[in-house]
Amino acid sequence: MKIIVPMAGRGSRLRPHTLTIPKPLIPIAGKPIVHRLVQDIAGVLEEPVEEIAFVIGADFGEQVENNLKEIAKELGAKGTIYYQDKPLGTGHAIMCAKESLSGPCVIAYADTLFRADFTLDKDADSVIWVKQVENPQAYGVVSLNDKNEITGLVEKPEEFVSDLAVIGIYYFKDVAVLKNELQEVLDKNLMHGGEYQINDGIKQMQAKGYTFKPGQIEEWMDCGNKAVTVETNGRMLNFLHQENVEMVSSSAKLENSEIVPPCFIGDDVVLKNATIGPNVSIGMGTVIEDSTIADSLIQNFSSVKNANLKNAMIGNYAKFDGNFTEISIGDYSVLD
(Lines give C-alpha, C1' and ligand atoms only; values in the text may rest on other atoms or scores of the structure.)
Protein backbone atom coordinates (compact mmCIF):
# COMPACT_ATOMS: atom_id res chain seq x y z
CA MET A 1 0.00 0.00 0.00
CA LYS A 2 1.14 3.54 -0.80
CA ILE A 3 0.02 6.92 0.51
CA ILE A 4 0.29 10.06 -1.64
CA VAL A 5 0.13 13.35 0.28
CA PRO A 6 -0.19 16.56 -1.79
CA MET A 7 0.90 19.44 0.47
CA ALA A 8 2.53 22.03 -1.78
CA GLY A 9 0.72 25.05 -0.31
CA ARG A 10 2.19 26.60 2.83
CA GLY A 11 -1.21 27.73 4.18
CA SER A 12 -1.77 31.47 3.81
CA ARG A 13 -4.78 31.44 6.17
CA LEU A 14 -2.51 30.35 9.03
CA ARG A 15 -0.01 33.17 8.73
CA PRO A 16 2.26 34.11 10.44
CA HIS A 17 2.73 30.51 11.67
CA THR A 18 3.19 29.14 8.14
CA LEU A 19 5.75 31.71 7.03
CA THR A 20 8.52 29.51 8.46
CA ILE A 21 6.76 26.12 8.77
CA PRO A 22 4.36 24.67 6.17
CA LYS A 23 0.86 24.13 7.58
CA PRO A 24 1.03 20.29 7.49
CA LEU A 25 3.94 20.45 9.96
CA ILE A 26 2.06 22.55 12.53
CA PRO A 27 1.74 20.31 15.62
CA ILE A 28 -1.66 19.15 16.83
CA ALA A 29 -1.54 17.65 20.34
CA GLY A 30 2.24 17.48 20.02
CA LYS A 31 2.47 15.83 16.60
CA PRO A 32 2.55 17.43 13.10
CA ILE A 33 -0.78 17.42 11.24
CA VAL A 34 0.63 15.32 8.39
CA HIS A 35 2.12 12.80 10.84
CA ARG A 36 -1.24 12.28 12.54
CA LEU A 37 -2.95 12.05 9.14
CA VAL A 38 -0.79 9.27 7.70
CA GLN A 39 -0.72 7.47 11.03
CA ASP A 40 -4.53 7.41 11.19
CA ILE A 41 -4.79 6.28 7.56
CA ALA A 42 -2.39 3.44 8.21
CA GLY A 43 -4.58 2.43 11.16
CA VAL A 44 -7.71 2.30 9.02
CA LEU A 45 -5.96 0.30 6.28
CA GLU A 46 -4.77 -2.31 8.78
CA GLU A 47 -1.89 -3.29 6.52
CA PRO A 48 1.73 -2.21 6.03
CA VAL A 49 2.46 1.00 4.14
CA GLU A 50 5.46 0.57 1.85
CA GLU A 51 5.81 4.15 0.59
CA ILE A 52 4.60 7.62 1.53
CA ALA A 53 5.08 10.18 -1.25
CA PHE A 54 4.90 13.84 -0.25
CA VAL A 55 4.25 16.49 -2.91
CA ILE A 56 5.70 19.75 -1.60
CA GLY A 57 6.74 23.21 -2.73
CA ALA A 58 10.32 23.59 -3.89
CA ASP A 59 10.85 26.26 -1.22
CA PHE A 60 10.03 24.03 1.76
CA GLY A 61 13.71 23.34 2.39
CA GLU A 62 15.93 20.41 3.30
CA GLN A 63 14.90 20.30 6.96
CA VAL A 64 11.23 19.91 6.05
CA GLU A 65 12.10 17.15 3.58
CA ASN A 66 14.10 15.34 6.25
CA ASN A 67 11.22 15.67 8.72
CA LEU A 68 8.79 14.17 6.21
CA LYS A 69 11.09 11.25 5.44
CA GLU A 70 11.40 10.63 9.18
CA ILE A 71 7.59 10.53 9.50
CA ALA A 72 7.49 7.84 6.79
CA LYS A 73 10.32 5.92 8.46
CA GLU A 74 8.43 5.83 11.78
CA LEU A 75 5.61 4.02 9.95
CA GLY A 76 8.06 1.56 8.40
CA ALA A 77 7.67 3.15 4.95
CA LYS A 78 9.95 4.68 2.35
CA GLY A 79 9.60 8.46 2.20
CA THR A 80 9.64 9.99 -1.28
CA ILE A 81 9.68 13.71 -2.07
CA TYR A 82 8.14 15.25 -5.19
CA TYR A 83 7.79 18.93 -6.08
CA GLN A 84 4.86 20.93 -7.42
CA ASP A 85 6.38 24.08 -8.91
CA LYS A 86 3.06 25.80 -9.70
CA PRO A 87 -0.30 25.73 -7.83
CA LEU A 88 -2.26 24.11 -10.66
CA GLY A 89 -4.77 22.13 -8.62
CA THR A 90 -5.30 18.75 -7.03
CA GLY A 91 -5.03 16.73 -10.24
CA HIS A 92 -1.75 18.40 -11.14
CA ALA A 93 -0.35 17.84 -7.62
CA ILE A 94 -1.12 14.12 -7.77
CA MET A 95 0.52 13.82 -11.19
CA CYS A 96 3.70 15.39 -9.82
CA ALA A 97 4.09 12.04 -8.02
CA LYS A 98 3.29 9.96 -11.10
CA GLU A 99 6.36 7.76 -10.66
CA SER A 100 4.75 6.42 -7.47
CA LEU A 101 1.23 6.05 -8.91
CA SER A 102 0.88 2.28 -9.17
CA GLY A 103 -0.90 -0.41 -7.21
CA PRO A 104 -3.19 0.11 -4.20
CA CYS A 105 -2.92 3.63 -2.87
CA VAL A 106 -4.50 6.26 -0.63
CA ILE A 107 -4.41 9.92 -1.66
CA ALA A 108 -4.87 12.37 1.23
CA TYR A 109 -4.66 16.16 1.37
CA ALA A 110 -2.61 17.27 4.35
CA ASP A 111 -4.90 19.91 5.87
CA THR A 112 -7.46 17.66 7.51
CA LEU A 113 -7.64 15.10 10.30
CA PHE A 114 -10.26 12.44 10.95
CA ARG A 115 -11.38 9.70 13.30
CA ALA A 116 -12.90 6.62 11.73
CA ASP A 117 -13.85 3.07 12.64
CA PHE A 118 -14.84 1.19 9.52
CA THR A 119 -13.54 -1.60 7.31
CA LEU A 120 -12.25 -0.39 3.97
CA ASP A 121 -14.16 -2.01 1.09
CA LYS A 122 -11.24 -3.25 -1.00
CA ASP A 123 -13.56 -4.93 -3.50
CA ALA A 124 -14.46 -1.46 -4.77
CA ASP A 125 -12.23 0.14 -7.39
CA SER A 126 -12.12 3.23 -5.21
CA VAL A 127 -13.34 4.50 -1.84
CA ILE A 128 -13.95 8.18 -1.17
CA TRP A 129 -13.98 9.26 2.47
CA VAL A 130 -17.08 11.35 3.30
CA LYS A 131 -18.64 13.01 6.35
CA GLN A 132 -22.28 13.88 6.93
CA VAL A 133 -22.57 17.67 7.26
CA GLU A 134 -25.32 20.16 8.06
CA ASN A 135 -24.46 22.63 5.28
CA PRO A 136 -23.65 20.56 2.17
CA GLN A 137 -23.88 23.59 -0.09
CA ALA A 138 -20.46 24.64 1.24
CA TYR A 139 -18.71 21.43 0.17
CA GLY A 140 -18.19 18.99 -2.64
CA VAL A 141 -20.69 16.17 -2.05
CA VAL A 142 -21.35 12.69 -3.41
CA SER A 143 -24.63 11.14 -4.55
CA LEU A 144 -25.32 7.43 -4.00
CA ASN A 145 -27.48 4.79 -5.66
CA ASP A 146 -29.42 2.01 -3.92
CA LYS A 147 -26.28 -0.18 -3.99
CA ASN A 148 -24.39 2.37 -1.86
CA GLU A 149 -22.22 3.25 -4.85
CA ILE A 150 -21.08 6.79 -5.62
CA THR A 151 -22.74 7.90 -8.83
CA GLY A 152 -22.00 11.61 -8.81
CA LEU A 153 -19.70 14.35 -7.51
CA VAL A 154 -21.12 17.85 -7.20
CA GLU A 155 -19.12 20.86 -6.03
CA LYS A 156 -21.03 23.22 -3.69
CA PRO A 157 -24.53 22.29 -4.93
CA GLU A 158 -27.10 25.11 -4.93
CA GLU A 159 -29.89 22.53 -4.66
CA PHE A 160 -29.76 19.57 -2.28
CA VAL A 161 -27.93 16.54 -3.70
CA SER A 162 -26.79 14.84 -0.49
CA ASP A 163 -25.30 15.73 2.87
CA LEU A 164 -22.17 13.57 2.43
CA ALA A 165 -19.20 15.90 2.00
CA VAL A 166 -15.90 14.78 0.44
CA ILE A 167 -13.10 15.31 2.99
CA GLY A 168 -10.15 14.89 0.62
CA ILE A 169 -9.05 11.28 1.25
CA TYR A 170 -9.34 8.61 -1.46
CA TYR A 171 -8.46 4.92 -1.83
CA PHE A 172 -7.73 3.36 -5.25
CA LYS A 173 -7.34 -0.37 -5.77
CA ASP A 174 -4.93 0.50 -8.61
CA VAL A 175 -4.03 4.17 -8.70
CA ALA A 176 -2.44 3.70 -12.15
CA VAL A 177 -5.99 3.87 -13.54
CA LEU A 178 -6.44 7.33 -12.04
CA LYS A 179 -3.00 8.32 -13.33
CA ASN A 180 -4.00 7.44 -16.89
CA GLU A 181 -7.22 9.44 -16.63
CA LEU A 182 -5.47 12.46 -15.09
CA GLN A 183 -2.84 12.33 -17.82
CA GLU A 184 -5.67 12.70 -20.32
CA VAL A 185 -7.02 15.64 -18.31
CA LEU A 186 -3.62 17.33 -18.52
CA ASP A 187 -3.14 16.47 -22.20
CA LYS A 188 -6.54 17.93 -23.11
CA ASN A 189 -5.96 20.92 -20.82
CA LEU A 190 -9.25 20.36 -18.96
CA MET A 191 -9.10 23.08 -16.31
CA HIS A 192 -11.58 24.62 -13.87
CA GLY A 193 -10.67 28.00 -12.47
CA GLY A 194 -7.19 27.64 -13.86
CA GLU A 195 -6.60 24.28 -12.14
CA TYR A 196 -6.62 20.57 -12.94
CA GLN A 197 -8.95 18.70 -10.58
CA ILE A 198 -8.91 15.11 -9.31
CA ASN A 199 -12.68 15.00 -9.84
CA ASP A 200 -12.26 15.08 -13.62
CA GLY A 201 -10.14 11.94 -13.45
CA ILE A 202 -12.66 10.28 -11.12
CA LYS A 203 -15.60 11.14 -13.38
CA GLN A 204 -13.78 9.60 -16.35
CA MET A 205 -13.22 6.43 -14.32
CA GLN A 206 -16.91 6.32 -13.42
CA ALA A 207 -17.89 6.75 -17.07
CA LYS A 208 -15.81 3.64 -17.84
CA GLY A 209 -17.63 1.57 -15.22
CA TYR A 210 -15.25 1.66 -12.26
CA THR A 211 -17.01 1.27 -8.89
CA PHE A 212 -16.72 3.95 -6.18
CA LYS A 213 -17.93 3.41 -2.61
CA PRO A 214 -18.19 5.85 0.33
CA GLY A 215 -16.12 5.44 3.48
CA GLN A 216 -18.02 7.36 6.15
CA ILE A 217 -16.13 8.79 9.12
CA GLU A 218 -17.28 9.90 12.57
CA GLU A 219 -15.13 12.99 13.06
CA TRP A 220 -13.61 15.42 10.57
CA MET A 221 -11.26 18.12 11.82
CA ASP A 222 -10.06 21.03 9.73
CA CYS A 223 -6.79 22.93 10.15
CA GLY A 224 -7.50 25.74 7.70
CA ASN A 225 -7.08 28.82 9.90
CA LYS A 226 -6.07 29.75 13.44
CA ALA A 227 -9.50 29.41 15.04
CA VAL A 228 -10.28 25.94 13.66
CA THR A 229 -6.70 24.75 14.24
CA VAL A 230 -6.96 25.63 17.94
CA GLU A 231 -10.37 23.91 18.03
CA THR A 232 -8.97 20.81 16.30
CA ASN A 233 -6.10 20.72 18.80
CA GLY A 234 -8.62 20.61 21.63
CA ARG A 235 -10.73 17.91 19.99
CA MET A 236 -7.68 15.74 19.33
CA LEU A 237 -6.52 16.16 22.94
CA ASN A 238 -9.92 14.94 24.12
CA PHE A 239 -9.80 11.89 21.83
CA LEU A 240 -6.32 10.96 23.07
CA HIS A 241 -7.34 11.53 26.69
CA GLN A 242 -10.31 9.17 26.27
CA GLU A 243 -7.91 6.58 24.85
CA ASN A 244 -5.67 6.97 27.95
CA VAL A 245 -2.71 8.22 25.93
CA GLU A 246 -0.04 9.72 28.19
CA MET A 247 0.49 13.30 27.06
CA VAL A 248 2.53 14.92 29.84
CA SER A 249 6.27 14.40 29.45
CA SER A 250 8.13 13.00 32.42
CA SER A 251 10.80 15.66 31.86
CA ALA A 252 8.36 18.55 32.33
CA LYS A 253 9.06 20.61 35.46
CA LEU A 254 6.17 21.98 37.52
CA GLU A 255 6.55 24.56 40.27
CA ASN A 256 3.38 25.65 42.06
CA SER A 257 1.45 24.82 38.90
CA GLU A 258 -1.64 22.86 37.88
CA ILE A 259 -2.44 20.98 34.67
CA VAL A 260 -6.16 20.65 33.90
CA PRO A 261 -6.56 17.76 31.42
CA PRO A 262 -6.60 17.14 28.60
CA CYS A 263 -3.27 18.76 27.79
CA PHE A 264 -0.13 17.90 25.88
CA ILE A 265 3.02 19.00 27.71
CA GLY A 266 6.23 18.40 25.75
CA ASP A 267 9.74 17.50 26.82
CA ASP A 268 11.58 19.94 29.11
CA VAL A 269 8.61 22.30 29.46
CA VAL A 270 8.83 24.48 32.59
CA LEU A 271 5.66 25.66 34.36
CA LYS A 272 5.98 28.16 37.22
CA ASN A 273 2.95 29.56 39.05
CA ALA A 274 0.78 28.53 36.12
CA THR A 275 -2.60 26.94 35.48
CA ILE A 276 -2.63 25.14 32.16
CA GLY A 277 -5.72 23.63 30.53
CA PRO A 278 -8.01 22.31 29.53
CA ASN A 279 -7.27 21.76 25.82
CA VAL A 280 -3.73 23.17 25.73
CA SER A 281 -0.68 21.89 23.82
CA ILE A 282 2.76 23.15 24.84
CA GLY A 283 5.80 22.21 22.76
CA MET A 284 9.23 21.16 24.00
CA GLY A 285 11.45 23.59 25.85
CA THR A 286 8.74 26.21 26.36
CA VAL A 287 8.61 28.12 29.67
CA ILE A 288 5.31 29.38 31.13
CA GLU A 289 5.40 31.65 34.18
CA ASP A 290 2.70 33.40 36.22
CA SER A 291 0.06 32.60 33.63
CA THR A 292 -3.34 30.99 33.09
CA ILE A 293 -3.80 29.37 29.68
CA ALA A 294 -6.75 27.42 28.25
CA ASP A 295 -7.84 26.23 24.79
CA SER A 296 -4.53 27.18 23.21
CA LEU A 297 -1.62 25.86 21.15
CA ILE A 298 1.94 26.94 21.97
CA GLN A 299 4.87 25.53 20.03
CA ASN A 300 8.53 24.90 20.88
CA PHE A 301 11.09 26.93 22.85
CA SER A 302 8.79 29.86 23.52
CA SER A 303 8.37 31.98 26.65
CA VAL A 304 5.06 33.17 28.09
CA LYS A 305 4.84 35.33 31.22
CA ASN A 306 2.10 37.22 33.06
CA ALA A 307 -0.54 36.04 30.64
CA ASN A 308 -4.21 35.11 30.75
CA LEU A 309 -4.77 33.43 27.41
CA LYS A 310 -7.62 31.57 25.76
CA ASN A 311 -7.98 30.51 22.11
CA ALA A 312 -4.37 31.54 21.52
CA MET A 313 -1.84 30.17 19.03
CA ILE A 314 1.83 30.97 19.59
CA GLY A 315 4.64 29.75 17.36
CA ASN A 316 8.24 28.65 17.93
CA TYR A 317 10.85 30.77 19.74
CA ALA A 318 8.24 33.44 20.52
CA LYS A 319 8.27 35.64 23.62
CA PHE A 320 5.12 37.02 25.19
CA ASP A 321 4.90 39.04 28.40
CA GLY A 322 1.40 40.16 29.34
CA ASN A 323 2.89 43.16 31.14
CA PHE A 324 4.58 44.39 27.96
CA THR A 325 5.32 48.09 27.49
CA GLU A 326 7.34 47.64 24.30
CA ILE A 327 6.51 45.39 21.34
CA SER A 328 8.18 44.18 18.17
CA ILE A 329 5.68 42.50 15.83
CA GLY A 330 6.45 41.37 12.31
CA ASP A 331 4.33 40.83 9.22
CA TYR A 332 0.94 39.11 9.58
CA SER A 333 1.08 39.12 13.40
CA VAL A 334 -2.16 39.49 15.35
CA LEU A 335 -2.88 40.82 18.88
CA ASP A 336 -6.62 40.72 19.65
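**Ground rules.** I number residues from 1 along each chain as its sequence is written, and I leave hydrogens and water out, using heavy atoms for side-chain values. Because the model is predicted, local features need pLDDT of at least 70 and side-chain atom pairs count only at pLDDT 80 or more, while totals for chains, interfaces and linings use all residues.

**Cores.** I looked up nonpolar cores (sets of buried Ala, Val, Leu, Ile, Met, Phe, Trp, Tyr and Cys residues joined through side-chain atoms within 4.5 Å). For burial I use relative accessible area: buried is under 20%, exposed is over 50%, and partly exposed is in between, with a 1.4 Å probe and protein chains only. The largest nonpolar core has 51 residues, and F54, L68 and W129 have the most contacts inside it. Helix α1, residues 33-45, gives the most to this core, with 8 residues. Helices (H or I, at least four residues) and strands (E, at least two) are DSSP runs, numbered from the N terminus. I then listed what L68 touches, taking contact as heavy atoms within 4.5 Å. Leaving aside residues up to four places away in sequence, L68 touches M7, L25, V34, F54, I56 and I81. A second, separate core has 29 residues, including L101, I150, L164 and I198.

**Salt bridges.** I searched the whole structure and found 7 salt bridges, each a side-chain nitrogen of Lys or Arg within 4 Å of a carboxyl oxygen of Asp or Glu.

- R115 is in strand β7 (residues 112-115) and E243 in the loop between α6 (226-242) and β14 (253-255), 128 residues apart. R115 is buried at 17%, whereas E243 is partly exposed at 46%.
- D121 is in the loop between β7 and β8 (126-132) and K213 is in strand β12 (residues 212-216), 92 residues apart. D121 is partly exposed at 28%, and K213 counts as buried at 18%.
- E219 is in strand β13 (residues 219-222) and R235 in helix α6, 16 residues apart. E219 is partly exposed at 26%, and R235 is too, at 24%.

**Backbone.** I checked two cis peptide bonds. One runs from P261 to P262, with omega near 0°, and P262 sits in the loop between β15 (258-259) and β16 (263-265). Another joins G277 and P278, with omega about 0°; P278 lies in the loop between β17 (270-276) and β18 (280-282). That loop between β17 and β18 also holds N279, which has a positive phi of about 60° although it is not a glycine. N279 counts as buried, at 16% relative accessibility. N311, also not a glycine, has a positive phi near 55°. I found N311 in the loop between β22 (308-310) and β23 (313-314), partly exposed at 42%.

**S281.** This residue is in strand β18 and is buried at 3%. Its side chain makes a polar contact of 2.7 Å with that of N233. Among the residues S281 touches are A29, G30, L237 and F264. A polar contact is a pair of N or O atoms within 3.5 Å; within protein, one must be able to donate a hydrogen and the other to accept it, and residues adjacent in sequence count only if both atoms are side-chain atoms.
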